[in-house]
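Visitor: Hello! Could you walk me through the charged pairs here, step by step?

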Amino acid sequence: GANLAACVSLAARDLRPAGWAVAHQVLCSPCLPLRPRRPSRVDPARADGAFLPAWAMTWFEEAYAGERTVEELSNEPYANPLAAATLAGMPPTTAVVGGAESLRDEGIELCDALRAAGVDVECREYEGAFHAFVVLPFVADAKDAWAFVHSRLRVLL
């Protein structure tokens with residue numbers, strides 16, 4: 001979901017569809033088809049992480065790539081925003097990443113790249129959190145993560 005949101009934001013910036021624009025993007029645990037894989041993606045301690053084991057992420061990427069290879073997909077900006085010539089002009093971004101998930105490094109890398117391009121970015125990492133923790137009300141960090149997101153979005157109202 002966060003990859004799709006970031007790619008749609010990039011496409012909206014580039015294509016400027018009539019009648020709408022992205023005012024803010026919220027990215028929860030963004031994944032990117034990066035090659036080589038980042039350290040958190042190949043970390044044995046995260047390989048069987050809750051809700052997103054390594055084998056499933058590999059399957060998702062290969063399915064997303066279709067006839068292409070994941071390496072080819074990683075070079076396409078509308079599949080991997082880090083492949084864009086620039087990220088300048090992207091909407092303000094609020095991001096949440098789990099420190100215990102395999103996607104941790106790529107989420108942080110995307111936030112750092114957006115910030116380097118001059119985008120207003122606030123990213124919060126939840127040290128012991130795993131993928132999809134924000135949708136689980138029984139996970140303690142989920143409530144704080146949503147409060148953080150809401151605090152960033154309130155300025156838009």
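Visitor: Is Arg-152 buried or exposed?

Guide: Keep in mind that this is a predicted model. The relative accessible area of Arg-152 comes to 9%. Buried means under 20%, so Arg-152 counts as buried.

Visitor: Which residue does Arg-152 meet in a salt bridge?

Guide: Side chains of opposite charge can pair when their charged atoms come close. Here the N to O distance is 3.4 Å, and a salt bridge needs such atoms within 4 Å. The partner of Arg-152 is Asp-120.

Visitor: How many residues apart in sequence are the parts that this pair ties together?

Guide: Arg-152 sits in helix H6 (residues 140-153). Asp-120 belongs to the loop between H5 and strand S3 (121-126). The parts they tie together are separated in sequence by 32 residues.

Visitor: Is Glu-109 buried, exposed or partly exposed?

Guide: Glu-109 forms a salt bridge with Arg-38, with the closest N and O atoms 2.7 Å apart. The relative accessibility of Glu-109 is 26%. Because buried means under 20% and exposed over 50%, Glu-109 is partly exposed.

Visitor: In which helix does Glu-61, the salt-bridge partner of Arg-41, lie?

Guide: The side chains of Arg-41 and Glu-61 meet at 3.1 Å, N to O, and both residues are buried. They also belong to a network of salt bridges that includes Arg-35, Glu-71 and Glu-106. Arg-41 lies in helix H2, while Glu-61 lies in helix H3.

Conventions
Residues are numbered from 1 along each chain as its sequence is written. This is a predicted model: local features need pLDDT of at least 70, side-chain atom pairs count only at pLDDT 80 or more; totals for chains, interfaces and linings use all residues. Side-chain values use heavy atoms; hydrogens and water are left out. Buried means under 20% relative accessible area, exposed over 50%, partly exposed in between (1.4 Å probe, protein chains only). Helices (H or I, at least four residues) and strands (E, at least two) are DSSP runs, numbered from the N terminus.
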